[in-house]
Amino acid sequence: VEDSSATPEYNRETSLKERKRERSPVSKHSRRDRSRSPRRRRSRSHSRSPRRRDRHDKRRDRDHDRDRRDRRSDRDRRRDDRYADEHRRREERNDDDVVEDKENSLKKRKETDEKKDILTTRTGGAYIPPAKLRMMQEQISDKSSESFQRLSWEALKKSINGLVNKVNVGNMSDIIRELFKENIVRGRGLLGRSIITAQAASPTFTHVYAALVAVINTKFPQIGELLLKRLLIQFKRTMKRGDKAVCLTTAKFLAHLVNQQVIHELVILEILTVFLENPTEDSVEVAVGVIKECGKKLGELSPIGIRGIFDRFRSIIQDSDIGKRVQYMIEVLFAIRKDDFKDYPTVIEELELVEESDQITHFLSLDDAVDGENTLNIFKFDPDYLQNEERYQILRKGILGDEDEGSSSSGSEEESDEEEEEEEKDDKMIIDQTETNLVALRRNIYLTIQSSLDFEECAHKLLKMEIKPGQERELCSMIIDCCAQERSYLRMYGLLAQRFCQLNKAYVELYDQIFQEQYENCHRLETNKLRNLVKFFAHLFFTDAIPWTALSCIHLNEDETTSSSRIFAKILLQELSEYMGIAKLNNRFRDETLAEFFEGLFPRNNPSYTRFAINFFTSIGLGALTDELRAHLKNAPKLIMAQKRAVEASDDSDDSSSSSDSSSDSDSSSASTSSSSDSSVDAAKVKRNRDRRQQVQERRERRSRSRSPVERRRHESGHHRDRRQSSPDYTGRRRRG
């Protein structure tokens, strides 16, 4: 029989009991007490007070509890570790068989999802070689599917980035032609981002990218507007962040776009005003860099604006506390301006690719640039993909022509067919039903007028636009519309129209026609617009820019006038009297050469019309102009009688060779006419007296109704007497009774 004390379980239990005994608080304190000398133990035990002994017991119990918790936690940890190791080993044994299967499935999944990862990621995933990309496109049979559209989007993005990065002064025309072959309407967001990124990476080629944008803007104005919005948003963002380098780069790009007339000069003047309003060294440095790039063009377009900017620079040097380096930069800028920006040309000859008449100028302020349309940079599924591609192909042929077809065609027969088709296309007249060119012309005229500070500058800019024959009426209409929309009349518009009338007689006829049209349609205008237009035309009449014969359309009578037309005539005549004075205006209206054209203003054919005109001129304070009308109205009956007598005398002379019976009949008829005229005069007097008596009777009735009942009874009883009759000096009719 084996001894139980020799088994491992027994040894484990005995060792555990010994460890427990050693860890017990009693054994600890006993060992601690035994470690001291007997003398110290005795002094220590007798020197403790009851309170200190209680404290010592509490501390001992607390240590005992802590030791017990430690033992319990050690036991639990060992047990958990034992079970965890067993579970881990069991799982490892079970997982070893599954690892190979998982690896195989993952490899297969990676192989199947590799193409999907390339197509579905936002940035296009890893680099795809062009040959592999074309092969993947050829493998897709459905050209309108999402996968094919995504592959074409990636190809479009790589093509646009490559072309923009390769552009320079020498290959500008080739790059533009290649860009138009791509669908830049669909990828306009990619094109704008590529141009902005390329310009920020190489600011020395900013003028090249500005020329590229100018050419694209002539064919696709929406792309130019999108690029300008993004540049203005980036400019505002960098200003808030205080990023001077990016802010300077963006501002220089905008300055070169002003040189190419893609953006209006007021935008760059607004940016310079923002920089110099609260000047710092960084803001002044950026403003100096912008002025160097576009100062010469601003001097041509807005000399007064650039003069104000340089005055602000001069005040900054004198008043502001800025560093010596920035002061030196401003002084250098003044020296460059003195040399007329000789080292900073507006546009070099190689980049003058767009004529001024073909360029479309956008007017965007800093507050207008809010939405940069960043979603255009991301792929989106197009359900009408094939139709949109066909439309762009037609648009591309209209821009570039049939170059591909011409290069691929071979043989004399095909060439002759193409020539015939081209001749047929040339024979057909292209009619612009959308009036796109007309809208663009009106927008350019409006922006030019609004950006000018005086009429001379405005006239110079408008003449520089080289308005084509047949478009003069649009210019006249835009000047009138701009004048009408002002809150109050500005003399600049009258001087501007006067200048054009003096330069070309065609404008005189146009303004003559427009005056008559405006008078006929004055009832459609608001009061403020009506007042501005009348003052505008009054200036043209006063300066003899348009002939006074245009006033023949005005007929002052009750039948042919309305309230609006009477207001029109009133303001016109009052303005002319203020400009010329009553005497000169009266002399002009009495001019015998123009008398037939003023018959509507001063009618003499009908006494009622004459009386209406006299009352009208008197009510507006111009009664001095009606002296001849008053004399005519006073002598109208005599004139009528004289005319009748003249007619009768002519009849008598014609009938003098007739018999005496006919002469007697003529005498009797003349007597009857004279008697009838006398009777008509007497009838008029009787009617006038009857009307007067009726008015007196009505006045008496009103006075009697206003009396009190007592006074009314006294008046009826006869006790009432008129005060005039009771006075001693009364010499009127004798009292009755």
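Modeller: Start with one term: a contact means heavy atoms within 4.5 Å. Among contacts in the chain between residues at least 6 apart in sequence, 73% join residues at least 24 apart.

Biologist: Where does the model come from, and how are residues numbered?
Modeller: It is a predicted model, where local features need pLDDT of at least 70, side-chain atom pairs count only at pLDDT 80 or more, and totals for chains, interfaces and linings use all residues. Residues are numbered from 1 along each chain as its sequence is written, and side-chain values use heavy atoms, with hydrogens and water left out.

Biologist: How many helices and strands are in the chain?
Modeller: The chain has 32 helices and 0 strands. Both are DSSP runs, numbered from the N terminus: helices are H or I with at least four residues, strands are E with at least two.

Biologist: And how much of it counts as buried?
Modeller: Of the 737 residues, 34% do. Buried means under 20% relative accessible area, exposed over 50%, and partly exposed in between, with a 1.4 Å probe and protein chains only.

Biologist: Pick a helix. What span should α19 have?
Modeller: Helix α19 covers residues 436–451, and its 16 residues should span 22 Å at 1.5 Å a residue. The expected span is 1.5 Å times one less than the number of residues. The end C-alpha atoms of α19 are 22 Å apart, so the two agree.

Biologist: Which residues of α19 are buried?
Modeller: They are A440, L441, N444, I445, L447, T448, I449 and S451. These pack against α12 (265–277), α20 (455–464), α21 (472–484) and α22 (491–503).

Biologist: Take α20. How do the axes of α19 and α20 cross?
Modeller: They come within 9 Å and cross at roughly 155°. That makes α19 roughly antiparallel to α20. Axes are lines fitted to C-alpha atoms, for helices over the stretch in contact, and angles run from 0 to 180 degrees between N-to-C directions. Under 35 degrees counts as roughly parallel, over 145 as roughly antiparallel, 65 to 115 as roughly perpendicular and the rest as oblique.

Biologist: Which residues meet there?
Modeller: From α19, I445, T448, I449 and S451 meet E457, C458, K461 and L462 in α20. By class, that contact has 4 nonpolar, 2 polar and 2 charged residues. Ala, Val, Leu, Ile, Met, Phe, Trp, Tyr, Cys and Pro count as nonpolar, Asp, Glu, Lys and Arg as charged, and the others, Gly among them, as polar.

Biologist: New pair. How do α8 and α9 pack?
Modeller: Helix α8 (residues 188–201) and helix α9 (residues 206–219) pack at about 160°, with axes 9 Å apart. They are therefore roughly antiparallel. The contact uses L191, I195, A198 and Q199 of α8, and T206, Y209, L212, V213 and I216 of α9. Those residues divide into 7 nonpolar, 2 polar and no charged.

Biologist: Where are Q261 and D544 found?
Modeller: Q261 is in the loop between α11 (244–259) and α12. D544 is in the loop between α24 (527–542) and α25.

Biologist: Is each one buried or partly exposed?
Modeller: Q261 is buried, with a relative accessible area of 18%. D544 is partly exposed, at 47%.
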